[in-house]
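Please keep the sequence and the 3D view at hand while reading.

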Amino acid sequence: MTKRIFIPRDAAAVACGADDVAKRFALLAEQAKIDVEIVRNGSRGMLWLEPLVEIEDQGKRYAFGPIAPADVDGLVAELSQGAAAAGIKTSKALGLTEEIPFFKRQTRLTFARCGITDPVSLADYKAHGGYEGLAKALALEPSGIIDEVKKSGLRGRGGAGFPTGIKWQTVHDARADQKYIVCNADEGDSGTFADRMIMEGDPFVLIEGMTIAGIAVGATRGYIYLRSEYPHAATALNEAIDAAKAAGYLGQTVCGSSHAFELEVRLGAGAYVCGEETSLLESLEGKRGLVRAKPPLPAHEGLFGKPTIINNVLSLAAVPFILAEGAQAYADFGMGRSRGTMPIQLAGNIKQGGLFEVAFGITLGELVEDVGGGTASGRPIKAVQVGGPLGAYFPQDLFDTPFDYEAFTARDGLIGHGGIVVFDHTVDMARQARFAFDFCAIESCGKCTPCRIGAIRGRETMDKIMGGQDRDKNLDLVADLCNTMKFGSLCALGGFTPYPVMSALTHFPDDFGRARKLPAAAE
Amino acid sequence: MPRHDAWNESETLAIVSRHAHREGPLLPILHEVQETFGCVPEAAVPVIAQALNLSRAEVHGCVTFYHDFRDAPAGHYVLKVCRAEACQAMGCESLVKKAEDRIGVACGETTPDGRVTLEAVYCLGLCATAPSAMFDGRLIGRLDVEKLEAILGEAGA
Ligand SMILES: Cc1cc2nc3c(=O)[nH]c(=O)nc-3n(C[C@H](O)[C@H](O)[C@H](O)COP(=O)(O)O)c2cc1C
Ligand code: SF4
Ligand code: FES
Ligand code: FES
């Protein structure tokens, strides 16, 4: 009987050698005359174990990792001697994939299929519950679909946390000859890769989510604006779109219904600010990515001036589950006003980095220390940055913060797109503050002064502080600049750069050559 | 061996006409022009502008806005090292320094013999297997001194 071997095509696995592992496996298996089928799946998300190879045995999958091409020889030798997957003796054996604690602790709703199926096989997608959400949606009135999304409590996963159902309602209510669904797949935040993983590991779920959105608001065209740094995701998406088209899930009559929906992938060109929704729309129109003033909202006047839903990949990819299983099944997870699950990304100096989908409410400390296992370097943690380059740095004192939109806001932070970057005690927080200004200066679209000029002034001032020049005066100037940027910038690039800067300064004053101002009791 | 065609107007116009029917065709056109010629040269700007009925300033503004587009071809090999936060946490800065010392040019520059361009990139989405790089279009995770030496050796630098 053919044995199925799973070796991810995920870019992170490939960056760690998965293609070479797959090639070697195919070659050695052929030489040993063992009958194997190599499936290039998505990643299971345990990225410290990539390339993670799985061998299927009587319907169960056994994991081995991280596997180098040289490790393949041993695996194939054992298989050719008839060893059962469970019995293969190697230090790389990890047992049943689904029993690995990092995997077992998760609640995978959006990522339910990622790593399990062949990402570009429509048959596999359907065999694992795919397109059940669309079937439900087609049986509902558009307003019924929107009600489900509202009831689920889903909020935008791109960062701002705006209720998705309300955005959809606005576009639904707008009158126009053409409406659009735009997927924001620009994922520029350092420390984030969930969009990439789902697009590479289960692209159909995004396609299905966008199709449902199109039917709900009467939009017949969709674009996925994908950052150019993600060529593997582009390939997977295009293969999946072709398969969906060929099977009638996209096109003039979606599943034989009266709804039309066409979908296309468009590549960005390396501008971080194009993740901002109005800049993204300008870019899609073929212009410089200058941020637009709001109003008008994209929901009223978006792409080419037409009513447009613009949602993050994860927001759209959550929709098929919500339709298939019901809004309540999604809303049952979470805390407060943060309903459902969040695919959290553990990155940077962390022992067990990867994707961890879990209900809102888990604390930062549990994520970083229990799930992530602390630092990769083995040194103590000094700071974690949550929510990308515009997110705050948190010290260990704040590790009791639950992962929840409001809880992070209350502590002058943000969850953003759910990325957590861990730094050990060798990090110099003044340097990180300088980098925040530097990044803003490099990526500013240039439309407004507080951001364009403020970031450059901030970088210069940090250089002076780091050089020991008039520290106190210059630190006051940094605080002042941050205030101007926070309240005077048109978009969150300039407006949120103060988060990393001020959090670094507030929580780690020693690194800035300033004594702690906190009362002794708080130490 | 040059990797790209020398710029010429007729190929540029062919590219434009392949995309002209699309909504918002400029970015796809610029991407294909760069893939074909290795850059979007000054000379291409008026040609594209005229074919799309745009002003030169609009096309020029677009080309210069995006980090991806170059006005002159890069070196034969391009090494992009990620310098964003997750990679910083894993020591990318010392690797950038190492690469600079080894090839003798600063990040953002090309070696005088045109072999290698060293560039910064801000996140490749490989932040859990940092530090990350892209060499000659190939992704590299868990970059360390050894892998860096091997890459630069491959580039003949
Ligand atoms: C500078 C900047 C960069 C952004 N980058 C992204 C991004 O890469 N992906 C994303 O989904 N949203 C990004 N956003 C947020 C978007 O503007 C917008 O809120 C989001 O696409 C809305 O979708 P959602 O409601 O599904 O989150 C960015 C915002 C700013 C200010
Ligand atoms: S804050 Fe910066 S990026 Fe945003 S609109 Fe102003 S200049 Fe552009
Ligand atoms: S628009 Fe020019 S500085 Fe504000
Ligand atoms: S920060 Fe370097 S790959 Fe994301």
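Which ligand takes up the space of the largest cavity? The space in question is taken by ligand 2. The model is a predicted one, and the points below are grouped by topic, beginning with the two ligands.

**Surroundings of ligand 2**

- Ligand 2 is surrounded by 13 residues, and the closest are Cys445(A), Cys448(A), Cys451(A), Cys491(A) and Gly494(A).
- Sorted by class, the shell around ligand 2 holds 8 nonpolar, 4 polar and 1 charged residues.

- Two elements of chain A give two or more residues each to the shell around ligand 1, namely strand E9 (308–312) and helix H20 (492–496).
- Of the contributing elements, E9(A) gives the most to this shell, with 3 residues.
- In total 18 residues surround ligand 1, and the closest are Gly158(A), Asn184(A), Asn311(A), Asn312(A) and Ser315(A).
- By class, the shell around ligand 1 consists of 4 nonpolar, 8 polar and 6 charged residues.

**Polar contacts and cover of ligand 1**

- The side chain of Asn312(A) has an N or O atom 2.8 Å from an oxygen atom of ligand 1.
- A polar backbone atom of Gly275(A) lies 3.2 Å from a nitrogen atom of ligand 1.
- For Gly188(A), a backbone N or O atom is found 3.4 Å from an oxygen atom of ligand 1.
- On its own, ligand 1 has 610 Å² of accessible area, and the protein covers 91% of it.

**Aromatic pairs**

- A pair of aromatic rings is described by the distance between the centres and the angle between the planes.
- Over all chains, the count of aromatic pairs comes to 20.
- One of them joins Tyr393(A) and Phe423(A) in an edge-to-face arrangement, with 5.8 Å from centre to centre and 65° between the planes.
- Tyr393(A) belongs to strand E15 (residues 393–394) of chain A and Phe423(A) to strand E16 (residues 419–424) of chain A, so this pair ties together parts that are 30 residues apart in sequence.

**Backbone features of chain A**

- Most peptide bonds are trans, and most residues other than glycine have a negative phi.
- Gly65(A) and Pro66(A) are joined by a cis peptide bond with an omega of about -10°.
- Pro66(A) has its place in the loop between strand E4 (60–64) and helix H3 (69–80) of chain A.
- A cis peptide bond also leads from Pro295(A) to Pro296(A), where omega is near 0°.
- The loop that holds Pro296(A) runs between helix H12 (277–284) and E9 of chain A, and E9(A) is the element that gives the most residues to the shell around ligand 1.
- Asp470(A) is not a glycine, yet its phi is positive, at about 40°.
- The position of Asp470(A) is in the loop between helix H18 (449–466) and helix H19 (471–488) of chain A.

**Layout of chain B**

- Chain B contains 7 helices and 4 strands.
- Read from the N terminus on, the elements of chain B follow the order α-α-α-α-β-α-α-β-β-β-α.
- The C-alpha trace of chain B spans about 50 × 30 × 20 Å along its principal axes.

Key. Residues numbered from 1 in each chain as written. Chains lettered and ligands numbered in written order. Predicted model: local features only at pLDDT ≥ 70, side-chain atom pairs only at ≥ 80, totals over all residues. Heavy atoms only, no water. Near = heavy atom within 4 Å. Polar contact = N/O pair within 3.5 Å; in protein donor to acceptor, adjacent residues only side chain to side chain. Areas by Shrake-Rupley, 256 points an atom, 1.4 Å probe, with all protein chains shown as cover. Nonpolar A, V, L, I, M, F, W, Y, C, P; charged D, E, K, R; others polar. Phe/Tyr/Trp six-rings, centres within 6.5 Å; stacked < 30°, edge-to-face > 60°. 1 Å grid on protein atoms, 1.4 Å probe; cavity = no way out; pocket = protein on both sides within 12 Å on 5 of 7 lines; lining within 4 Å. Sits in = over half its atoms within 2 Å of the grid points.
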